[in-house]
Each structure stands twice: as structure tokens, then as C-alpha cells.
Amino acid sequence: MIVTELLIGKATESLAGLFIEKGWKGMAKIGKMVDLKTQQLFFEASRQYIKNYTDRHGILKVLGMREPVALESIYTTVQFLNNSDIRRFESIENLEKAYRENRSFQSQNSPRQDGLAVANEKQYLMVLGGPGVGKSTFLRKIALEALKGNKGEYKHECIPVFIEMKRINSKDITLEELLIHEFDICGFPDAESALNNLLESGQLLILFDGLDEVPSKIVSHAIEMVQNFGDKYHQNRFIISCRTAAYMNNFYRFTDVAMAEFDSIQIKQFIFNWFQSEEDKKLETGQKCWQILHEATNSGAKELANTPLLLTMLCLVYDHSQHFPNNRSALYKKALRVLLEEWAAEKRIMREEIYKGLRTELQEMLLSEIAYTGYEVDQLFFSEDEILEKIRYFLESNLNAPKHIDCSSILQAIAIQQGVLVERAEDVFSFCHLTLQEYLTAQYIIDNSLIAKMVNEHLLDRRWREVFLLIAGLMRGGSDELLLIMEKAAQNQLSNSIYARKIRPLMSWVNAATTGNASEFSSAAKRATALFLATARDSAFEIATLLSPSLTNVLEMSRISDLARAINPNFSRMAQYNRTPTRPATPTRAFTRAINKAIAQELEEFDLFPYINFTTLMESLETLKAKAPNVHESYKVHQGYNSRVSQTWLNALQLNPELTILSSEESNTLEDYLYINMLMVRCKQASMKISPNTWQEIEARMLLVANL
């Protein structure tokens, strides 16, 4: 129950007291005395008012939830930004810079204020934010706190009245009528007279939810009506919510605040609140969901979690299957549909005329075209004129697209009602989440058969990594074509580059070192492991462990990459071991760990390298370990020791150290080659469908250089 029986009793007493004291003030002058019978009616009506409110506004049931949940059970503390903070950018260039630095439109240093504290402080408050950020939930929570009287966190003795602005669908409707109705249906005696007295004595907290949900043809009338109402009854307290894109700074009395995106603390609180049943607590479902959300493969999902609406969607997805889908495309498609149609439908928001001609599928096509043309040139922000031109071109070039709709109306509808495009500064727009721009870009590439073009132009651009994975997940006919084109590009990387001449002998060693055994691991996994031991490339580590997860522990534990970093003086991260002669202990500890006998034993058990004499290697490592220099020894002594350890491993691996010493250009060429192979494995895992024969052939050729 939202409010306990004890609190209901206290709230009823407080509410009835206000009605009797303030609502019926002066009634005696016209012969109406508040007798015991009337007082009882007030108490019964007050109890009904609280029950009506909690039944209507104290629960949440959204996005197909099987059962409603109490709002207060999942409510997460709201934080506000000053409205000026989200409109502080003067140019697209400044927006681009700020976003690329933080991957957020809200500065990490922006001051934040507790929502309840602000509501207590401000008599007139305008709460702004995009669709699904929790504006309505916040207003409903404030009313719940006010109903609790002195037991609640709202510090003013007021009767809350929650008005959904979408109910103002005609100029004939007045705010007074809407307020009277809220009390009349609960059985308050002479509700109209009582309400007038409450308004005149300043005893109401009036919450106008969803100014943007008023039909556009009467929105100016509604704004004027609310403004006049606030002026006339200025002793009361007011909170209005409105989507940022629809707000025109109309209310001079009001303090404008913007809902801040959820930060990590709020996301965690929401998830733990969501999974709070006894069974979930026992199984630690909230903790598991939180941990999985932070895995690198779920970075896009975590970006969506900044919005409470989409975080709710994520919790529902996790609740259903206890994991997030490997095919992230399906998750992002669901998120897009939530914004385009489900949220408005569940809130019963009247659709404007524009939607009668531009159905959801056409909207997705339009948005994907905007997303792709921007993403291809690394453009995240668009001027209003640019978007209008893209909309105009889309309508003109599509025979089945409606021609009668004004381009500005389309942009306004997408920005205000759906929030897929967001106005970040004056006349400057972006997608609400970069993840959705990436998803729509992938969809456009598939719809327009641009796979080969994308691979040719963007394969090595790390910014396109997520787009490649999303395309693999969207190709319902199979991703064989994508993977084969990528494989050919990987081979060309070492065949055509002038910096690959030294890499090819290294790859020849990799092949020779892993050939001739009957290991359980695939040839590609063994080659990736050998390359990791030789070069310390994290991408080689990733390929090996993606293909054979059982290799993860031994490779992570050994981190013989420390050897390679010491062997190769040109390796990019060598500097961390060569800071100053006064701190030589770090490399020694790393090498002591690397020569652990148990690690060599595990490598022997995996049977990855058929020609290595592990017995001799382990004996040599144990001898070296016993001779490890003291922490107080000179830097030169430590370097000499590290060289002996390195040489022991190189001798066992039969690897010429010259092969691992690469120039920066050669190193980059190898890194690009490994990146393509790693991305191929990731795309295979993200694929909706792939032929077993195609993948078997690709994996058999992986990390083999043609014409060795």
C-alpha cells in the first residue's frame, strides 16, 4: 500500500481539518454550520480523496508490465539542473566538443539540486525534461508527500491537486472545473464553495502535469489560462511539468529547472528498488542486473539507462530473461518503438494530425536517413535548417510518403512528442542517445544495401565498431556476406601494406608454433594465443578468449604480456616500467608473477604448443625465481634480471626477439589487422543468422597470412 493505515488516518485528519478550517471559513455567515454530521462527511470524503489519488497516481504500470507497482517502491531521488545549464552552448562546435569529452550533454561539474528540496523552496516551479525522464513521476511523488502531512517530506501544509493537462482538449474547459471535479467525486460537501475558499486562502498545491500534452490548436489558450490562474490565486503553490522542446519561457513567475539524467548512483538505486521482492533479494537479482549492465558489451544499454523510461524497459527485459540479449539490435529497436509510439499510447496522448500520414515505419526510415548521413561524416549535431532539408528531401524522394505535411510540423512532432531528436541548444538538434543514432545508421545501411561500401570506407574506424555489430544483428537473412567481405579486407591489410613485410614472418612463426597437435582449441584460438604471448596485444588476447573462453584465466593470470613489454623497447606502454631508476620494483614483481611455475604447467595442460619442452622451461623459471633481485637492488640489476627472464621464455617459444620489435607504423598495421579479426568474431557472436560452414571456413583461415 502506498500510504500505511496509520498515515492514511493522519493524512485524512489533516486534509479534513484544512477543509473544515479553510474551505468552510465564513460558511456560518450564510447559515451553514459545520456540525458533527458535516465533519464526518469531510473525514469520509478526505479518506476517499487519498484513496482515489493513490489508486490513480500512486502506482505505475507501463510498457506491458504484468502487474502494477507502487510508485514509492521504485521511486528514485530526482535531481535538477538549472534550465540554463542545458542551453549553455553557443554553437554546434561547442556542443560537439563537450559531448565527445564526456559522452554526455550534461557537464560532470554542473551543480545538481535535490528535487524535493527545490519543490519545498519554490512556490512556482516549472519542471522541464524530455519524454520519459520522470517528470510525471516526480509530480506524483510530491503530491504523495503532501498527503502525508507532517509525516511527509513536503514541508508545506497544502492539499495537493493533480491535473493532467491533456484533459484540456477544448477552450470550453476551465481549470476551476477540473479542480472542483477532483473534490466533488469524493463526496466533499459543497465542493465548489469550499474549493474557492481554499484557493483564496492559499491552501492548495496544484500540479499541472504535461503542458506539452495539450492539443497544439489550443495550447496558447491553455498557457494563458494557467498563467492567469496562477496570478489570480498567487497565495497557492504551483508545479508544472513540460517537455523541454515544447517550452517557450511563457511563465514569468516560475523558476525553470531541468530534470538531470540519471547518474550511476540513481541507476543503481532504481534497479535495486525494482528488484526488491523477497525472492529477488535472496537471488541478488538487482546486484546481478547492475553488474551485467556494466559489462563492456552492454555499454549501449547503459547509455539508455540514463532515462528512467528506458531504464524501466531494461529492467523488464532483464526480469523476463535474467540477462540482456546478445543481439543488441533487438533491444535498441524496442527502445526506439517505445519512444515512437508505445509511450504516447500508454499515456493516452492524443496524436496530432501529422501522424495520420506519417506512420511509424516511415518515421523510422526518415530518422535512419538523418542518422546515416550525419554519422557517415562524423556529425552528431544538426542545425534546424539541415534537418528540415533532410525531411523535405525524404518526402520528395519517396512516392508513398505524404506530401501535404509541413516539414516543420514533422520536426516539432518528433522533438516534442517522441523526443527521438532533442534540441540541445537554440536550433541545434541531436539524437536523444548516440546508441539510437548508431542503430538507425545500421538500419539504413541494410535497407540500402551498403554493406560493401561501409566495409571499404569505415572498417578501421573504431567509431563504427558498434554499427558493424548492430548490422550483424539486424541481418535476418544471414551475415555471411558481411563476414566474408571483412575477411578479405583483413587479408588485404597484410598483403598490400608496405609495413607488413616484418609482420608476415611473425605470423609464420605463429602458424608453426601452433601446428601439429590435437588440442581441443581451434587453430584460430591457438594462433591468437601465440600472438598474444609474442606481442602482448590486447586484441590478440580478446580474439583468443572470445574463440575459447576457457583460455581467459590462464592468459589473464600469466599476463606474459609483461614479458613482451620488456622485450620490445618500442612497445607503447614500455614507459610504465621505465619511469625512474628509483622505482624498479614494479617490473620485478611483474616478472616474478610471469615466471610462476604453475602458469607454465597450465599452458602445458592446454597443449597449445607441441614443440615446447615445458619440463625444461619450468625448471629454468624456478631457478630464475629463486634469484630474483631484492627491491633495493639497482635499476641496472633489475633490467638484467628481466632480460634473463625474457630470454628464457623466448628460447622456449623458439621466437626470434627481432620479430617482436616493430616500428610504430608496423605496430599500427598489426593492430589494425588484429582489430578486423576481433571485430569479425564479435560480429559472428552478434549475428542473427550465419551459415555454420561459412564460419568454419573463416575461422580456419583466421590469422593465417596468404602465401606464407
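Ser 479 is placed in the loop that lies between helix H22 (465-474) and helix H23 (480-496). The structure discussed here is a predicted model. Ser 479 has a relative accessible area of 0% and is therefore classed as buried, the limit for that class being under 20%.

The side chain of Ser 479 makes a polar contact, at 2.5 Å, with the side chain of Ser 687. When neighbours within four places in sequence are left aside, the residues in contact with Ser 479 are Ala 472, Ser 687, Lys 689 and Ile 690.

## Overall composition

The protein contains 34 helices and 12 strands. It has 708 residues, of which 55% count as buried.

Contacts between residues at least 6 apart in sequence show how the chain is connected: 75% of them join residues at least 24 apart.

Strands of a sheet pair through backbone hydrogen bonds, in either a parallel or an antiparallel sense. Strand S7 (residues 204-209) pairs with strand S6 (residues 159-164) in the parallel sense, over six bridges. Within this pairing, Ile 159 has Leu 204 of S7 as its bridge partner. S7 is also joined to strand S8 (residues 237-243) by four bridges, and these two strands run parallel. Here Leu 205 stands opposite Arg 237 in S8. S8 in turn pairs with S5 over six bridges, again in the parallel sense, and Leu 125 stands opposite Ile 239 in S8. Four bridges join S5 to strand S9 (residues 255-259), with the two strands running parallel; Met 126 stands opposite Asp 256 in S9.

Which residues of S7 cover its two faces? On one side are Leu 204, Ile 206 and Phe 208, on the other Leu 205, Leu 207 and Asp 209, and all are buried. Because six of the six residues of S7 are buried, the strand is largely enclosed by the rest of the structure. Strand S5 (residues 124-129) is likewise largely enclosed by the rest of the structure, because six of its six residues are buried. Its buried residues are Tyr 124, Met 126 and Leu 128 on one side and Leu 125, Val 127 and Gly 129 on the other.

## The antiparallel sheet

An open sheet of three strands is arranged in the order S10-S12-S11, with antiparallel pairing. Strand S10 (382-383) and strand S11 (421-425) stand at the edges; each has a single partner strand, so one side of each is left without a neighbour in the sheet.

S10 is joined to strand S12 (residues 428-431) by two bridges, and the two strands run antiparallel. Ser 383 has Val 428 in S12 as its bridge partner.

## Aromatic pairs and charges over rings

Across the whole structure, a search finds 19 aromatic pairs. In the pair of Tyr 318 and Phe 324, the ring centres are 5.5 Å apart and the planes are at 50°, so this pair is tilted. Tyr 318 and Phe 324 are both buried. Tyr 372 and Tyr 444 form a stacked aromatic pair, with 4.6 Å from centre to centre and 20° between the planes. This pair links distant parts of the chain, since Tyr 372 belongs to helix H17 (residues 360-375) and Tyr 444 to helix H20 (residues 434-447), 72 residues apart. Both Tyr 372 and Tyr 444 are buried.

Ring pairs also link Tyr 124, Phe 208, Phe 229, Tyr 233, Phe 238, Phe 251 and Phe 254 into a cluster. Charged groups sit over other rings. The charged end of Arg 462 is over the ring of Tyr 675, 4.0 Å from the centre of that ring, and Arg 463 lies over the face of Tyr 375, at 4.4 Å from the ring centre.

## Lys 390 in helix H18

Lys 390 is located in helix H18 (residues 384-397). Is Lys 390 buried or partly exposed? Its relative accessibility is 22%, so Lys 390 counts as partly exposed.

Lys 390 and Ile 370 are 20 residues apart in sequence, while their C-alpha atoms are 6.6 Å apart in space. Not counting residues up to four places away in sequence, Lys 390 touches Leu 366, Ile 370, Thr 373 and Phe 382.

Key: Residues numbered from 1 in each chain as written. Predicted model: local features only at pLDDT ≥ 70, side-chain atom pairs only at ≥ 80, totals over all residues. Heavy atoms only, no water. Buried < 20%, exposed > 50% of the residue type's maximum accessible area, 1.4 Å probe, protein only. Polar contact = N/O pair within 3.5 Å; in protein donor to acceptor, adjacent residues only side chain to side chain. Contact = heavy atoms within 4.5 Å. Pairing = 2+ DSSP bridges. Phe/Tyr/Trp six-rings, centres within 6.5 Å; stacked < 30°, edge-to-face > 60°. Lys NZ or Arg CZ within 6 Å of the ring centre and 35° of its normal.
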